[in-house]
Amino acid sequence: MLVLIELRCLNEISRSTRTEISNRNKYKAPYAPIVLFYPNLGNGKVREKSALLKKSLAETLSSFHPLAGRFKDELSIDCNDQGVNYVTTNVNCHLIEFLNEPNLELIGQFLPCQPPFKELAAGDCVTNIQVNVFECGGIAIGLCIAHKILDGSGLSTFLKNWAGLACNSKEVHCPNLMANYFFPAEDLWLRDTSMTMWSSMFKKGNFVTKRFVFNASAIDNLKAMSTSPHIKHPTKVEVVSSFIWKCLIAASKDKKCSNKRSNSLLTHIVNLRKRAAPALPENILGNLLWLSGAKNTAKHDMELPDLVNQVRKSISRVDDCYVKRLRDDEGCYLMRKFLKEIGDFCRKGANHYGFTSWCKFGFYDIDFGFGKPIWLSSISSRCSFFMNLIILMETRCVDGIEAWVTLDEEEMNMLVGNQELLAFASLDPSPLAASR
């Protein structure tokens with residue numbers, strides 16, 4: 001049985017300031033929790049590693065001062081020198097023991113904020129970090145940073161700077177804190193409007209999370225199956241997303257025990273930085289995201305190339321012209337219109353599957369001076385009120401993809417019995433197998 005013993009809670013201090021929040025979207029979940037697992041490679045004692053993490057974090061926060069603040073209200077942070085919530089724990093097992101057969105429901109214990117997460121309120125910390133030390137000297141770093149402040153790209157920037165300072169790297173660059181200039185957040189209309197859309201995605205049920213791991217060979221085969229006159233050189237995210245969508249459509253049909261198919265919608269989180277013209281700085285902090293939407297109607301069965309084509313077209317619509325319109329006076333109208341279309345489509349009975357990709361953020365390159373992580377994980381979302389959510393992450397070898405799929409338990413049982421899916425993906429394999 002996994003037991004964590006909290007050793008201490010301390011604050012890392014940053015300079016005092018007040019900063020505005022640029023929030024392109026309001027998420028129901030306050031965090032996108034992540035855990036990085038580091039084996040003990042015999043290159044330093046645990047006490048030295050812990051001291052290094054704390055010292056370099058304090059230095060990092062002097063540049064990332066919004067992360068050391070407290071929420072003042074829905075639109076601003078007050079950095080009042082109280083710092084981040086930082087917790088250290090001892091774990092009564094070896095890291096290899098846990099990774100041999102990882103229990104997804106226990107991963108939440110490695111986080112400083114325990115799921116189910118509560119809504120953020122005034123006075124809450126922006127940043128929460130928990131350093132978990134295994135008996136073998138391995139370390140798991142769990143982070144819960146407010147999603148409205150940092151998206152995946154921003155989190156990558158923060159971790160790379162923290163790790164760079166820990167290693168005395170000369171390539172550490174300060175973050176860009178000008179997100180509010182590019183996308184001002186002057187009121188709460190977007191939050192209030194998006195609530196209508198999010199309410200159509202969340203539903204009651206016994207939700208569970210499973211990992212489906214696609215290796216490089218399986219992804220190459222899916223790319224070959226997806227190539228068509230309309231689709232040249234499909235990406236791994238496009239083909240894995242579309243293939244999972246295809247299997248989810250089949251699972252939904254099996255759940256109903258009928259030949260009838262329901263309309264379905266696949267949304268993908270899109271990073272706006274590279275899609276602007278000129279591109280926005282990669283190191284700009286904020287939640288600079290928007291949604292793409294691909295529809296599949298019940299009129300006819302769509303094959304994998306058709307679904308890939310739908311996904312590609314939906315994402316490609318978020319181009320430089322679209323981003324320019326979002327930033328202009330027209331932006332409010334465009335966003336309201338898109339969110340309303342999603343909400344209306346789902347309220348008519350369509351199944352909504354929300355995808356997000358953490359690929360190409362370089363999380364497996366985060367080295368604090370004691371090696372790169374052996375595994376990167378999200379957490380299980382076993383609960384009674386959630387949404388159909390799929391998080392795509394790279395495997396340690398980078399060429400593969402781990403899909404963390406959260407579904408209603410009945411639909412998940414249909415999915416894990418899909419032989420076509422299991423021909424391409426391994427169900428909940430040990431991360432150690434993929435790292436050899």
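Is K360 buried or exposed? In this predicted model, K360 is exposed, with a relative accessible area of 73%. The protein as a whole has 13 helices and 17 strands, and of its 436 residues, 57% count as buried. Among contacts between residues at least 6 apart in sequence, 80% join residues at least 24 apart.

**Backbone features in loops**

- K360, which lies in the loop between strand 12 (351–357) and strand 13 (375–377), has a positive phi of about 65° although it is not a glycine.
- D428 also has a positive phi, near 50°, in a residue other than glycine, and its place is in the loop between strand 17 (426–427) and helix 13 (431–435).
- With a relative accessibility of 30%, D428 counts as partly exposed, because that class covers the range between the 20% limit for buried residues and the 50% limit for exposed ones.
- A cis peptide bond, with omega about 0°, joins A277 and P278, and P278 is situated in the loop between strand 10 (264–271) and strand 11 (289–296).

**Helix 1**

- Helix 1 (residues 46–61) contains 16 residues, which at 1.5 Å a residue should span 22 Å, and its end C-alpha atoms are 23 Å apart, in agreement with that expectation.
- The buried residues in helix 1 are K49, S50, L53, K54, S56, L57, T60 and L61, a list that includes the lysines K49 and K54.

**Helix 6 and helix 8**

- The axes of helix 6 (residues 216–226) and helix 8 (residues 304–316) come within 8 Å and cross at roughly 90°, so the two helices are roughly perpendicular to each other.
- At their contact, L222, M225 and S226 of helix 6 meet L304, P305 and V308 of helix 8, and these residues divide into five nonpolar, one polar and no charged.
- K313 is also found in helix 8, where its relative accessibility of 36% makes it partly exposed.
- Although K313 and S292 are 21 residues apart along the chain, their C-alpha atoms are separated by 9.1 Å.

**Cysteines**

- A disulfide is a covalent bond between the sulfur atoms of two cysteines, and a search of the whole structure finds zero disulfides.
- C332 is partly exposed, with a relative accessible area of 29%, whereas C359 is buried, with a relative accessible area of 8%.

Note on methods:
Residues numbered from 1 in each chain as written. Predicted model: local features only at pLDDT ≥ 70, side-chain atom pairs only at ≥ 80, totals over all residues. Heavy atoms only, no water. Helix = DSSP H or I, 4+ residues; strand = E, 2+ residues; numbered from the N terminus. Expected span 1.5 Å × (residues − 1). Buried < 20%, exposed > 50% of the residue type's maximum accessible area, 1.4 Å probe, protein only. Disulfide = S-S within 2.5 Å. Axes fitted to C-alpha atoms, helices over the stretch in contact; angles between N-to-C directions. Parallel < 35°, antiparallel > 145°, perpendicular 65-115°, else oblique. Contact = heavy atoms within 4.5 Å. Nonpolar A, V, L, I, M, F, W, Y, C, P; charged D, E, K, R; others polar.
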